[in-house]
Amino acid sequence: MRCFNDYLRSTFDLTTNFVLSISEPINFNTIMPSDEQQPIENNHIPDSTILSPTYPMSYISDANVLALHRLLWYHQEKIGDYLSSGRDHKAIGRRPFDKMATLLAYLGPPDHRPLDSQWISYDMTATKFEELMAKTQMHEREEFKSLKALNIFYQAGFSKQNNPVFYYIARRFKVNEMNCDLLIYHVLLTLKPFQAKPFELIIDFTHTCTDNRFKTDYLSKWFICMPDCFYYNLQACYIYNCNSWVREYTKYHDRILSTIKGTRKLIFLDHISRLNDFIEFDQQKLPGHTLSLEEDLQEDLRVFNNALKLSHKDTKVAIKVGPQAIQVTSSEKTKVLGHSVLLNDVYYASEIEEVCLVDDNQFTLTIANETGPLSFIHNDCDNIVQSIIHIRTRWELAQPDSIQIHNKIRPKDVPGTLLNIALLNLGSLDPSLRSAAYNLLCALTQTFDLRIEGQLLESSGLCIPSNNTIFIKTISEKLALKEAHLTLEFLEECIEGFRNSTIELKHLCLEYMTKWLPNLTRFCKQNDDNKRMKVSMILDKLITLTIEEDDMYPSIQAKIWSNIGQVSDLLDIVLDCFIKRSVLGGLGSVQAEILADTAVALASSNALLFSRKVIGRLCRLIEKTCLSPTPTLEQHLIWDDIAILLRYLLMLSFNNSLDVASHLPFLFHIVTLLVSTGPLTLRASTHGLVINILHALCTCSHPQFSDETQRVLRLSLAEFSLPKFYALFGLSKVKSASVIAFRTGIIRQQQHSSHLLSSDKQQNERSIMMTNMYSPTIEQSERMSLTSLETITDTLLELMEACMNDIPDCEWLAQWQELAKRFAFQFNPALQPRAIIVYGCISKTTSDGEIKVLLRILVKALESFSDIDLIDAIIMCLTRLLPLLSPESKIHKFMFWISISILQLHQTQLYASVYLKIQVRINNKL
């Protein structure tokens, strides 16, 4: 710092004078009125500067001034008493207090605190709020991650207008347990990728109460922190299961909600079927808890119409008593936010504290957390009360000492439940239990008329050997063929029994339950949505078994998923369940990796069909990113879905389970778009996918390649494992890509084999390891250069052309070119530059029209000048395409000057590609 000494000496006086010139002493007369100034002795004033006070001056916000005013006004008597009782009272006197009292009397009482006080005072906006949360790194906190995992607000599916649909599940927000600021921030981040696009919102008010409310301050804060573009782009807001509490809440906050009152964008749904008018059924993603109430409405439901609910205003209602809840639905519409609405109050059996019959026509119902008992009048009160007591008693009986809630057993579930009990206990080591199970099976077939063709006969003293697995499988197979209507209940009970059985009985259970799996297709083909939902629930339970049952993992793969893979009609719904659970666990989670591994078992029976479905889904997801583009693919809302499906492809690529010959253009298309994206493990997965594709081409029996093609394939297989290609795939610091690609599998084995660590410690270590491998914040990705992509594409093209020489009328290259062209001419900052590079590398012909489209894209890119990679990609693509253009084309004479003009931008990244383009023009003598 010594070099600055001379500068400081030369400017010291100048700086001092400047500071003195802008600093003026405070005039004491402006602070204290002249009539209140006390005479000051001259001998106490050594100089004039003493008149300026020594306390620091600062600016105070209006909110703090209002708070101080309120504090002093309501506590001035206490302040006076405190001052008069102090030891310094005589020295200080009452003058300071009298002055304060006079000032307060002049100011008058404080104003009431405005509803949005502090946020208006601080001039809080959506941008400022988001910046504040980002600066404090709220998205990295565990509290935020926990709230996000609750799925209070999420996006799923699209409406009939092709708008993304968002869901807000009101009952999942707990006002006393969660931070509303984090919820607002989560909603902002979820909506942000769609802020420039129209979208639709579904609010589920099922079983919403005061615990799920927004406090007044935060309700007003929602309107302040949400950008105006969100309100403008919101096309419709569907409100389902609006209840009495929501009506009272909106009335109380009528002034805050006045801006949305009566708007046509609010659509209240009286029944879930009305949602089908706006959103296709397969695109609806309401929680299962909400849909289960609709399932109860269709079965095992007692409805009592024309009841009267007594309150300050008597209301005509219908009382619906289902297996798990009571629903009180108003028969007459009432006003909510300016709309006429039917209210539906839901009370679960667990909330019912007391039900009392007052007389023949009236009863009261006491609900937990309600201010008082609910009173109803109906002609059939006795039956209503008995029905309510029945569901409450059934719920209590289902609660053991451990508070573990068992699945409800309905009358239609009895045959399937008893059938599983009989078959499972036939494999017991206890001879008497085997005999009892056999007799139960006989009684079951007779009572429910199960068609077993006289093969069973109930008798006492029957000797049944312990090794009767073949008999059990035979009985199960016959019943699966002739009594297929029992499938759902039987499989559900098999899964429950499996959890509590010994290892031996678990193997037996797998043997006899697999015969029923193909029957699931009959329920998928029906129009009954409840049946389809039940199939999804059974598949989800099978997924849970696969994840949790480590000892049975190989057997479950071979017996369950391999058999399900043979049923082609089930593959779509199975894939839906797999992807949903994988995304729920997150990229790199144990369950996501297990399900990717399980995909191999699904494909073992029908590799062509299953691989086509997985590849097709991944291509559609990648194409969907064009609807709401983001600067990088990793920032997109569906990035986790894309990354998880890429892991599925890696698992399937070994042993040609992807049927490479049928899907090579699509696989190369996926590789070029996703190469060197995501965390290290995912980049290694992309590299491993290419290696396995080449290996499959070398070892496949159909099509058969010539010796020369085999030589090229083997040479490329060895070349892709060199450090040069590691760097092209973003793996320059990796010694073995295959080890990195399967690092999660190694960690999982280490965790299960370690008996020295406690379960909590293992869980913590696992979460830390997963974070290290898949979190972009911890591991910075290497930036993908366009020249690296060009090299990879040229190599893949060489391999494809070598293989095409041995296949007559092969359309691989044309298909790949069509896929690349679709992305090259479509706006998507994350993928368009890549697609343009690939299109330039693989094109064998071109036309003036295609060149003009590229030039239009170049003009737009130069106008915004925000994406240098796009400009560079277009120049590199044109360099490849221009020699393919007809020599008579008028475009040639303009290209040289376009290149010279781009050089004037002084962007070093563009110099190399522009130079090559100029060189091409000179070589062509143009």
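A nonpolar core is a set of buried Ala, Val, Leu, Ile, Met, Phe, Trp, Tyr and Cys residues joined through side-chain atoms within 4.5 Å. The views below show a predicted model.

**View A. The largest nonpolar core, which comprises 173 residues.** Tyr-512, Met-513, Leu-542, Trp-561, Ile-564 and Tyr-648 touch the most other members of this core. At least three of its residues come from each of domain 3 (606-748 + 782-820) and domain 4 (845-924).

**View B. The surroundings of Leu-542.** With neighbours within four places in sequence set aside, Leu-542 contacts Ile-495, Met-513, Leu-517, Ile-560, Trp-561 and Ile-564. Of these residues, Met-513, Trp-561 and Ile-564 are also named with Leu-542 in View A.

View C. Strand 13 (residues 362-367) and strand 14 (residues 374-377) are joined by four bridges, and Thr-364 has Ser-375 as its bridge partner in strand 14.

**View D. Asn-692 in helix 29 (residues 680-699).** Asn-692 has a relative accessible area of 19% and is therefore buried, the limit being under 20%. Beyond residues up to four places away in sequence, Asn-692 touches Leu-650, Ser-653 and Phe-654. The C-alpha atoms of Asn-692 and Ser-653 are separated by 5.7 Å, although the two residues are 39 residues apart along the chain.

Methods: Residues are numbered from 1 along each chain as its sequence is written. This is a predicted model: local features need pLDDT of at least 70, side-chain atom pairs count only at pLDDT 80 or more; totals for chains, interfaces and linings use all residues. Side-chain values use heavy atoms; hydrogens and water are left out. Buried means under 20% relative accessible area, exposed over 50%, partly exposed in between (1.4 Å probe, protein chains only). Domain bounds come from an automatic or database domain assignment. Contact means heavy atoms within 4.5 Å. Helices (H or I, at least four residues) and strands (E, at least two) are DSSP runs, numbered from the N terminus. Two strands pair if DSSP finds at least two bridges between them.
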